Amino acid sequence: MEAGPSLLTRRAGVGGRGEGGGTAKGEGHSQVEMNLIQPESEEALETHGVTPMVLRLPQDPRKVALYASLIVLLIFTTAFLLGYVAFRGSCNYCSDTDGELVPVDDDTAGSEHTSSGGIMYLGELKDMLRKYLREEKIESTIRRVSRAAHPPGSLEGSELASEILQNFRQLRMDHTWTDSHYATLQFPSKTKKNSLWVVDEQGTVLEDLLPENTQTYCAYSGTGTAMGSVVYVNYGREEDFHLLLSRGLSLAGALAVVRVGGGVSYAEKVWHAQQAGLGGVLIYPDPADVPQDPRRLGLSSNSSISEHVHLGSGDPFTPGFPSFNHTQFPPTQSSGLPIIPAQPISANVASKLLSGVMGPDCPRGWQGRLPYVRCALGLAFGAVEGRRVRMGVYNTMTPVLLNNIFASIEGKTEPDHYIIMGAQRDSWDPGAAKSGVGTAILLELARTFSSMVENGFYPRRSLLFVSWDAADFGNVGATEWLEGYLTMLHLKAVAYFSLDKAVLGDDNLSVYTSPLLVNLIEGVIKQVEHPKHSGHTIYDYTQGQGASWKNQIVKPLFLNSGGYSFTAFAGVPAMEVRFMEDSRPYPFINTQLDTAERLQEVLQGRVGALGHSVGELVGLMVLHLAHDHILPLDVTCYSGAVLSFGSQLNKFSPELQARGLSLQWVFSARGDYNRAAETLRDTIQNSDVHDERMARLYNTRIMRVEYYFLSQYVSAVETPFRHVLHGRGEHTVSALTEHLSLLRSEPQRFDEAHFRRQLALLTWTLQGAANALSGDVWNIDNSF
């Protein structure tokens with residue numbers, strides 16, 4: 001008979017004999033025999049006591065080839081899919097869209113692992129945020145927190161602070177705490193009211209111009225009396241005072257009457273007046289700038305507006321260091337405190353003061369809308385008339401315990417890196433728009449992110465929610481906290497989002513921001529519907545207005561904004577998001593009329609919807625910062641600003657060369673920074689960003705970019721806003737270019753030695769930023 005297919009069989013015996021009759025080895029031990037049997041038939045197999053397992057290969061060569069091809073194809077397909085998944089997981093900047101690799105704007109590009117082991121993609125997290133964010137809660141909170149005035153140190157202020165702390169605790173945050181400071185604040189005197197009189201040559205009072213019941217004042221004003229003529233100085237900008245001086249007007253000792261607005265704060269108006277030699281400042285809301293028809297949601301012509309006049313932020317008596325009660329510091333004070341008195345007045349009082357001004361007509365841009373007043377460049381109440389105006393300011397300094405309220409959700413991968421959201425809590429008045437809206441959005445974002453964590457969201461980085469005290473006095477609470485933790489924040493704080501005055505209208509979105517955060521804006525405005533134009537995203541509506549979205553939306557941080565100190569003082573990227581009216585500014589900020597009812601009336605009952613839109617915008621940006629492996633901050637953003645600075649210097653090359661000054665080193669520093677920024681960006685794009693060690697190294701360098709632009713050559717006590725691009729002082733780019741312009745406008749005022757020092761320190765600040773961004777010292781190639 002023909003031999004059948006080979007068969008490998010396995011038989012076991014215990015203490016017995018093998019198939020060939022031999023004796024098993026090791027009596028009492030298991031024995032395994034593996035025999036190759038060639039049975040003559042299937043029936044013969046039965047005699048061996050085994051059931052055969054037979055693999056019969058096809059005899060047809062064509063079938064063999066087919067099976068082999070299928071096996072090879074299966075192996076290739078499996079390998080390809082595994083390689084694709086591995087590559088896609090390592091590329092945080094790419095997603096697959098119609099076969100192309102494009103920058104990530106895809107909600108499935110990143111993911112979070114839930115506690116059950118499932119994956120939660122970024123798109124799902126965004127949907128979750130929208131699900132839990134509720135506008136009705138925002139509206140009810142605004143009404144609750146703006147029932148009455150609640151200034152720092154008041155019973156109402158303390159009760160609101162306790163309520164917010166309790167609210168945070170109910171949300172089951174990982175941590176809640178209070179950060180306390182003793183700060184010196186200025187309030188109106190309880191025994192002597194501020195005064196404004198018209199007096200004769202003997203000082204006899206002819207008319208009292210300030211009503212008895214006025215509650216408005218300028219915090220941190222110089223105190224005492226000032227008497228003199230009155231001069232109109234438009235908005236009180238530096239160029240406004242220069243114009244008057246160029247016309248030969250004698251301003252020494254005069255009282256300036258300036259109007260609210262013009263892009264300058266009260267503090268800047270008073271500072272410019274003091275520098276020009278005036279004796280006092282009176283600030284009024286002009287009908288051209290602030291609506292003043294109560295029947296049409298405007299101010300009364302008898303209304304005045306409060307604001308602080310400290311040219312800085314924080315407690316002016318502990319500049320550069322924190323106002324902790326347990327510390328003892330030598331007595332000092334901020335150089336930004338004015339020494340001349342300042343007082344808010346109404347439009348009616350301003351009309352009385354300016355009705356007698358004589359002189360040539362004002363420039364067109366100076367024209368206001370005061371009734372019965374001819375706009376003229378001149379003085380009123382002079383010696384010829386035998387009358388003067390005398391003002392008296394008697395505000396008093398008071399130490400006050402401030403309480404900043406904190407809550408946090410701890411990050412799971414980088415818990416020591418913080419994304420911070422904050423809002424002003426205090427208010428001289430009800431403060432519905434000023435502090436109520438921001439507080440409501442803050443609490444709602446805290447509740448929303450807390451709910452997301454309970455439902456599977458695990459942020460990579462920690463989220464901080466902060467309610468700040470004493471913001472009316474120049475962001476005192478926030479600045480004191482920054483001063484207390486300045487040495488560590490540039491290592492830990494990723495970004496700060498201010499919610500102050502977030503809803504002042506419903507027409508246009510304005511975002512006051514550090515350039516590092518600009519790239520976050522475009523993605524979210526394409527996803528959030530415009531609150532006033534249903535069916536259109538904010539991006540679509542803005543682009544339809546003609547200019548690019550950046551030109552319409554993005555604006556620089558300003559002195560009184562909630563985020564300015566974070567960037568200009570601490571070197572932390574900051575942003576303030578705000579909806580505003582197209583033509584009519586919200587007129588009730590810093591007045592007793594800033595109530596929830598009036599805000600609802602101005603916005604036609606849509607306060608909650610607008611607050612929801614701001615919350616969604618900020619929430620989505622925070623989500624990206626908390627979720628992405630690599631922080632989505634644009635490290636190349638300052639290249640353009642540095643390039644523009646170089647172009648400005650280039651215009652003056654002939655004058656500088658004539659004085660033996662070379663621009664070689666500043667241009668070299670500019671080039672080094674550009675190359676370092678681009679190299680870091682390209683390196684990240686070509687790296688495995690899921691490598692946690694590498695991701696952390698990259699993120700650390702990205703986080704410090706803003707800090708690199710703080711000048712290390714000026715004192716934080718004397719010059720707190722050390723940022724060379726956003727700060728204030730002789731060390732800044734703007735100060736250097738302004739000084740340089742004197743070479744052509746007023747050569748006699750150009751100080752070459754001072755300019756050399758400015759240029760040298762600024763150049764090395766830029767070079768230091770380039771060196772730090774390059775990474776390790778062996779990556780830096782400098783010739784000194």
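**Salt bridges, cavities and local features of the predicted model**

Glu576 and Arg578 form a salt bridge in which the closest N and O atoms are 2.4 Å apart, a salt bridge being a side-chain nitrogen of Lys or Arg within 4 Å of a carboxyl oxygen of Asp or Glu. The model is predicted, and for this reason local features need pLDDT of at least 70 and side-chain atom pairs count only at pLDDT 80 or more, whereas totals for chains, interfaces and linings use all residues. Residues are numbered from 1 along each chain as its sequence is written, and side-chain values use heavy atoms, with hydrogens and water left out.

Both partners of the Glu576 pair are buried: Glu576 has a relative accessible area of 0%, and Arg578 one of 6%. Here buried means under 20% relative accessible area, exposed means over 50%, and partly exposed lies in between (1.4 Å probe, protein chains only). In the whole structure, the search finds 29 salt bridges. Another of them joins Lys434 to Asp472, with the closest N and O atoms 3.1 Å apart. Lys434 belongs to helix 9 (residues 432–454) and Asp472 to the loop between strand 19 (461–468) and helix 10, so the pair ties together parts that are 38 residues apart in sequence. Helices (H or I, at least four residues) and strands (E, at least two) are DSSP runs numbered from the N terminus. Lys434 is buried at a relative accessible area of 1%, and Asp472 is buried at 7%.

The side chains of Glu655 and Arg744 also meet in a salt bridge, at 2.7 Å from N to O. This pair links distant parts of the chain, 89 residues apart, with Glu655 in helix 19 (residues 653–658) and Arg744 in helix 23 (residues 733–745). Glu655 is partly exposed at 22% relative accessibility, and Arg744 is partly exposed at 48%.

Rolling a probe the size of a water molecule over the atoms shows where empty space is left. A cavity is a set of points, on a 1 Å grid over the protein atoms alone, where a 1.4 Å probe fits but cannot get out, and lining residues have an atom within 4 Å of a point. Grid points are joined across faces, edges and corners, and a volume is the space filled by probe spheres set on the points. By this rule there are two cavities of 30 Å³ or more.

The largest cavity has a volume of about 50 Å³. Its lining consists of Gln424, Trp468, Asp469, Ala471, Asn475, Val476, Gly477, Ala478, Tyr496, Asp500 and Gly562. Helix 10 (residues 476–484) gives the most to this lining, with three residues. By class, the lining of the largest cavity holds five nonpolar, four polar and two charged residues; Ala, Val, Leu, Ile, Met, Phe, Trp, Tyr, Cys and Pro count as nonpolar, Asp, Glu, Lys and Arg as charged, and the others, Gly among them, as polar.

The second largest cavity has a volume of about 30 Å³. Its lining residues are Glu139, Ile142, Arg143, Ala596, Leu599, Gln600 and Val607. Helix 4 (135–145) and helix 16 (596–602) are the elements that give two or more residues to this lining. The lining of the second largest cavity divides into four nonpolar, one polar and two charged residues.

Backbone geometry was also considered. Most residues other than glycine have a negative phi. Tyr372 has a phi near 65°, a positive value in a residue other than glycine, and Asn590 likewise has a positive phi near 65°. Tyr372 is placed in the loop between helix 8 (347–354) and strand 15 (379–380) and is exposed, with a relative accessible area of 81%. Asn590 lies in the loop between strand 24 (574–580) and helix 16, and is buried at 10% relative accessibility.

Ile305 is located in the loop between strand 13 (280–284) and strand 14 (342–344) and is buried, with a relative accessible area of 8%. The C-alpha atoms of Ile305 and Cys218 are separated by 8.9 Å, the two residues being 87 apart along the chain.

Leu70 is found in helix 2 (residues 61–90) and is partly exposed at 49% relative accessibility.

Conventions: 1 Å grid on protein atoms, 1.4 Å probe; cavity = no way out; pocket = protein on both sides within 12 Å on 5 of 7 lines; lining within 4 Å.
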